[in-house]
Amino acid sequence: MSTSAETRQLILDRIRAAILPPAKDLAGAAVDYSALPRDYIRRGSLSREDKLQLMIERLREYDAEVIETTPRELPAAIAAQLKASGKRNFIAPAGLPAEWLADDFHWTIDHGLTTEQIEQAEGVVTAAFCGVADSGTIVLHHSAEEGRRVLTLLPDWHLCILRSSQVVQSFPEYFDRLPQPPRLVTYISGPSATADIEMTRIKGVHGPRFLAVILVRDEV
Amino acid sequence: MNHVELDPRFAPPFPQAVLPVLRNPQLRKNVAHAIDVIQAKRAKLVAEKTDWQALRTAAAAIRSHALENLGAYLEEFEARCTAAGGQVHWASDADEARRLILDLLRQEKASEVIKIKTMTSAEIQLNPFLQAAGVDVFETDLAEIILQLGELEPSHIVVPALHVNRSQVREIFARRMGLKDLSDDPKELTNAARHYLRQKFLAIPTAISGANFLIAETGAVAVVESEGNGRMCLTLPRTLITLAGIEKVLPRFQDLEVMLQLLARSATGERMNPYTSLWTGVTAGDGPQRFHVVLLDNGRSSILSKPKQRQTLKCIRCAACMNACPVYRQTGGHAYGSVYPGPIGAILTPQLMQMHYAQSLPFASSLCGACYEACPVKINIPEVLLELRSQVVNQERKQAGRFFDPLYLGLRVANLLFAWAWLFHAAQWAGRVGLRVFTRKDGWIHWLPSVGGKWTQTRDLRGLPAQTFHQWWAARAKEKQ
């Protein structure tokens with residue numbers, strides 16, 4: 001549409017005319033940007049152990065189930081969690097390590113599954129990019145072992161494998177860890193919830209109603 | 001419930017709009033309860049953040065900087081989003097935005113659309129427009145479903161149905177979803193909404209969302225939510241249309257480390273909202289394969305051009321100001337006659353209307369400053385309220401009928417009286433004599449005629465004392481000599 005180009009120019013002209021003295025270009029803005037005050041806490045003060053305990057505490061406050069294990073015992077811990085869930089049909093992202101796919105369960109690996117196929121699954125197992133202890137947040141960047149966004153959305157039960165080396169104390173520490181901004185992101189802080197009716201918190205509206213986390217102690 | 005008008009062009013002035021609310025004890029109870037719950041949670045979580053003030057300072061600086069360089073950042077956002085496979089459109093007003101969105105829906109041959117809660121779409125009255133054009137709109141946020149099915153209007157920007165209680169929700173759901181045996185247990189009601197929407201999510205291939213933030217650096221869009229209906233709409237459909245005000249831009253991805261620490265704590269009193277999603281254009285194999293962003297001006301560039309008022313656009317729509325406001329707590333949102341109620345609505349609505357409508361809103365405040373203190377991006381709302389009040393007064397002064405308006409007549413007389421001491425003393429004497437007639441034996445005035453009645457209809461006035469301060473002071477000075 002030709003009118004859309006005109007509208008675009010009209011709005012940008014209005015914006016440019018609104019700022020006096022005239023606004024800078026992107027390079028000039030970058031100089032101002034670097035001088036913005038950032039006196040908030042950028043690095044947490046907790047010890048490694050306290051940080052992990054905080055992460056566990058926050059997750060449990062969200063009614064998430066948390067189990068700790070070691071790298072060697074991880075496959076057995078996953079199998080135990082799957083068994084305890086009472087479910088049989090699970091999906092897994094294509095990049096999930098093969099040794100995590102416990103025997104005795106029915107696995108569907110996501111090589112381009114349809115929405116209907118994902119909807120059939122009772123649960124999903126994924127890895128994570130990182131965990132933020134301060135708010136008990138699981139960070140997904142949707143890599144091959146974290147899976148497409150829909151995988152952790154439709155199934156009612158989500159088992160997430162988090163390594164202790166991935167846990168940071170606060171959001172600024174997570175952002176400091178990023179080599180570059182990710183293309184897709186989901187931050188999960190407890191299961192889906194609402195307080196829209198009389199501010200009563202109800203768990204499980206549309207996303208998974210059950211979140212379980214296995215924390216793998218991979219640091220010595 | 002009475003019909004509520006949220007179009008500022010037709011809504012009655014605040015003092016008039018507030019009357020039905022003040023006479024509705026159920027509504028006031030619902031609002032006060034919700035506000036008390038949020039405020040208690042927020043206070044606890046803000047107190048545990050030792051760097052809260054530093055975060056506010058950083059957030060205010062980032063938002064101001066983004067606005068001062070808005071042109072450059074919007075162009076950067078557009079370039080990055082386009083490079084990632086998104087399509088960016090611009091709409092200068094509400095009408096253009098509505099038509100643009102309808103055109104996009106027609107290209108998709110969409111007869112139905114699912115929606116994530118977006119205040120911006122309420123601002124441009126998108127739903128009635130699409131319905132009239134033959135597109136069925138399904139809201140998916142629980143509060144928005146309650147409002148849509150109950151044909152009610154939102155009264156808060158984060159918890160839009162906070163004025164509706166559980167038995168009212170039960171009645172609406174039972175009637176509209178055909179569920180006769182539904183109880184008023186919030187859990188059961190929420191479950192009813194889950195089932196009602198699940199098939200819609202899986203079947204309707206077109207979605208409309210708002211945006212909490214646009215990231216200039218990467219071209220990503222952020223949506224912050226609780227229920228997962230947002231993720232459904234952002235992930236399952238074939239086509240996604242995002243409507244965003246031009247002011248929503250943040251320079252860098254990393255700015256989220258400040259904004260996300262403030263937003264949920266301020267909005268709902270949680271450390272973090274359950275789900276935050278960011279996506280960049282289109283990603284093969286993951287989510288909608290056609291993605292449009294509609295950037296809406298609708299009066300924002302005009303606000304930007306006024307240096308004192310520009311700060312209004314820093315708003316991140318957390319609603320902390322309305323939760324903190326003593327006026328909002330009594331009135332709820334409907335009295336503001338706008339989809340943006342509370343202190344932020346009192347400054348944003350008249351400005352979006354270019355000061356042609358909603359002129360009563362800047363006066364709907366006690367100027368106590370609680371909103372400024374609560375605001376995570378430090379918008380000095382009282383300062384903007386005063387600025388807008390002066391503009392409204394200047395508008396009124398120019399009106400022909402103003403010469404005989406009792407208020408203005410009175411102020412002009414007062415102006416005269418305060419100019420000369422002898423005139424002032426004479427007026428005091430006349431006032432004492434005149435009021436003596438109305439002063440009862442208990443020393444109080446219970447009734448006054450004419451304009452004075454505006455005071456005495458709700459409260460008593462103490463009768464004037466026998467001696468004025470001036471007389472007392474002069475007598476005291478004489479004694480000391």
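Residues are numbered from 1 along each chain as its sequence is written, while chains are lettered from A and ligands numbered from 1 in the order in which they are written. In this predicted model, local features need pLDDT of at least 70 and side-chain atom pairs count only at pLDDT 80 or more, whereas totals for chains, interfaces and linings use all residues.

**View 1. The open sheet of chain B.** Six strands, in the order β1-β10-β7-β4-β2-β3, form an open sheet with parallel pairing; strands (E, at least two residues) are DSSP runs numbered from the N terminus, and two of them pair if DSSP finds at least two bridges between them. β1 (87-91) and β3 (136-139) of chain B each have a single partner strand, so one side of each is left without a neighbour in the sheet. From one strand to the next, the twist averages 25°.

**View 2. β4 and β7 of chain B, with helix α5.** Strand β4 (residues 206-209) runs parallel to strand β7 (residues 239-245), joined to it by 4 bridges, and B:Ala207 stands opposite B:Leu240. Helix α5 (residues 94-107) packs on the sheet, touching β1, β2, β4, β7 and β10, and its direction makes about 170° with that of β10(B). Contact here requires C-beta atoms, placed from the backbone, within 7 Å, and angles run from 0 to 180 degrees between N-to-C directions of axes fitted to C-alpha atoms.

**View 3. Helices α8 and α9 of chain B.** The axes of α8 (residues 142-150) and α9 (residues 166-177) come within 9 Å and cross at roughly 65°; helices (H or I) have at least four residues. B:Ile146, B:Leu149 and B:Gly150 in α8(B) meet residues of α9(B) including B:Phe173 and B:Arg176.

Definitions and conventions
Two residues are in contact if their C-beta atoms, placed from the backbone, lie within 7 Å.
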